Amino acid sequence: MTYDEIFDAQLDTLRAEGNYRRFADLERRRGQFPRALNRDGDSEREVTVWCSNDYLGMGQHPDVVAAMHETLDLSGAGAGGTRNISGTTHAHVELEAELADLHGKEAALLFTSGYVSNWATLGTLASRLPDCLVLSDALNHASMIEGIRHSRAERVIWRHNDLAHLEELLAAQPFERPKIVAFESVYSMDGDIAPIEEICDLAEKYGALTYLDEVHGVGLYGPRGGGVAEERGLMHRIDVIEGTLGKAFGVMGGYIAASASLVDFVRSYASGFIFTTALPPAIAAGARASIAHLKRSGAARAAQRARVAEVRARLDALGIPHIDNESHIIPVMVGDPMKCRFLSDVLLREHGIYIQPINYPTVPKGTERLRITPSPVHTDADVEKLVGALGDLWAQCELNRVPLAAQ
């Protein structure tokens, strides 16, 4: 077989299993999101996006767009290189100060994405702390898993949000051994939230560092958008808070916030920071404007919570199964990859509703779903159209419904 034949055979397997990923060609329009233009060959149609991680619509906020325009006109397009050579700009310095303030930490460090910030930070800490053990939640993101693997440190997996299992694993280790407990605040596929306070209690009891991925929490929770840890008054108990600028803040990039010593340590040793070109200054300026706005105003957060509650209630009334959780993420459960793909295709083609199917390996086989993320920029008419379309499709496909008494 040729190399291409090997590639094609494995791609054919994905197609046969219903797990082949197709991307919709979308063009967002400033001031009109969640509306977007979808191109398919020669045809064009307006669609409503219901699965964006731009949770609050900040990617189109006037303050963000204006800051990016101003900095682009002032500084040009690129950063000029890696941060170590020629790429540290004043926009980066200001953004790191904004992030440190957001999380009540001494310092912050920017990366090119949330994936890279997890991979580089966990990989660096676990590899350079002598005889380090990483205790990783079973549902941690792929970027955390890859960072831990890259470190080659010993690692153990604790059952998802299972405090008894975590304590059992911690208690089996010498107190003086360096340990990192790595977990997330909001888990993006099921939308559940970690017992952060109890995890901090265990980490302190057994001498472990806490590493909290807040990528689906920052901007959305807490009085200033510092995340679930801020909402629960726990930021001071977390050693490393990792976040993204590409979700609720509406731009791109990743970061960590921690003590000055820890941040300097990662800055000095992490290859994923040292050897990559810095974010463009305009991106950094836009992110800073977004963070500053969400620190001042909780209006978008409140509107999003109301919209999420409304969509949940409407789905419940129709008996459409979704995972109940405390967060802003609504996983509508389908349980079959072919049906999940079919539902997504019909919603787009016939109803102008864009929701990507979530299939294996993102979620386990048999738990395929449509992941819905209501936002403050969705209207009453958008909700009406969404629930109407889902109700029709559930009947058409003869999918299981949840009786009202079971909700």
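Me: What do the numbers rest on here?
Reply: Residues are numbered from 1 along each chain as its sequence is written, and side-chain values use heavy atoms, with hydrogens and water left out. As the model is predicted, local features need pLDDT of at least 70 and side-chain atom pairs count only at pLDDT 80 or more, while totals for chains, interfaces and linings use all residues.

Me: Why is arginine 369 called buried?
Reply: Buried means under 20% relative accessible area, exposed over 50%, and partly exposed in between (1.4 Å probe, protein chains only). Arginine 369 has 3%, so it's buried.

Me: And what makes aspartate 190 partly exposed?
Reply: Aspartate 190 has 26% relative accessibility, so it lands in the partly exposed range.

Me: How do you know that arginine 369 and aspartate 190 form a salt bridge?
Reply: A salt bridge is a side-chain nitrogen of Lys or Arg within 4 Å of a carboxyl oxygen of Asp or Glu. Here N to O is 2.6 Å, so the pair qualifies. The two are 179 residues apart: arginine 369 sits in strand β14 (residues 369-372), aspartate 190 in the loop between β7 and α7. Helices (H or I, at least four residues) and strands (E, at least two) are DSSP runs, numbered from the N terminus.

Me: What makes glutamate 94 and arginine 288 a tie between parts of the chain?
Reply: Their closest N and O atoms are 3.2 Å apart, so this is a salt bridge too. Glutamate 94 lies in helix α3 (residues 90-103) and arginine 288 in helix α11 (residues 281-296), so the pair ties together parts 194 residues apart in sequence. Glutamate 94, at 29%, is partly exposed, and so is arginine 288, at 32%. Both belong to a salt-bridge network that also has Glu98, Asp101, Arg224 and Lys295. The structure holds 29 salt bridges.

Me: Why say that the buried residues of α9 line one face?
Reply: Leu262, Val263 and Val266 are the buried residues of helix α9 (residues 260-269). Seen down the axis, they fall within an arc of 100 degrees, so they line one face. That arc is of the directions from the helix axis to the C-beta atoms. An α-helix has 3.6 residues a turn, so residues three or four places apart point the same way.

Me: What about α6, and where are its exposed residues?
Reply: In helix α6 (residues 163-171), His165, Leu166, Leu169 and Leu170 are buried. They fall within an arc of 135 degrees, so they line one face as well. Ala164 and Glu168 are exposed on the face turned away from the buried side. Among the elements covering the buried residues are β5 (133-137) and β6 (154-158).

Me: What makes a set of residues a nonpolar core?
Reply: The set must be buried Ala, Val, Leu, Ile, Met, Phe, Trp, Tyr and Cys residues joined through side-chain atoms within 4.5 Å. The largest one has 54 residues, and Val181, Phe183, Ile196 and Leu245 touch the most other members. Its largest share, six residues, comes from helix α7 (residues 196-206). There's also a second, separate core of 32 residues, including Ile320 and Val334.

Definitions and conventions
Contact = heavy atoms within 4.5 Å.
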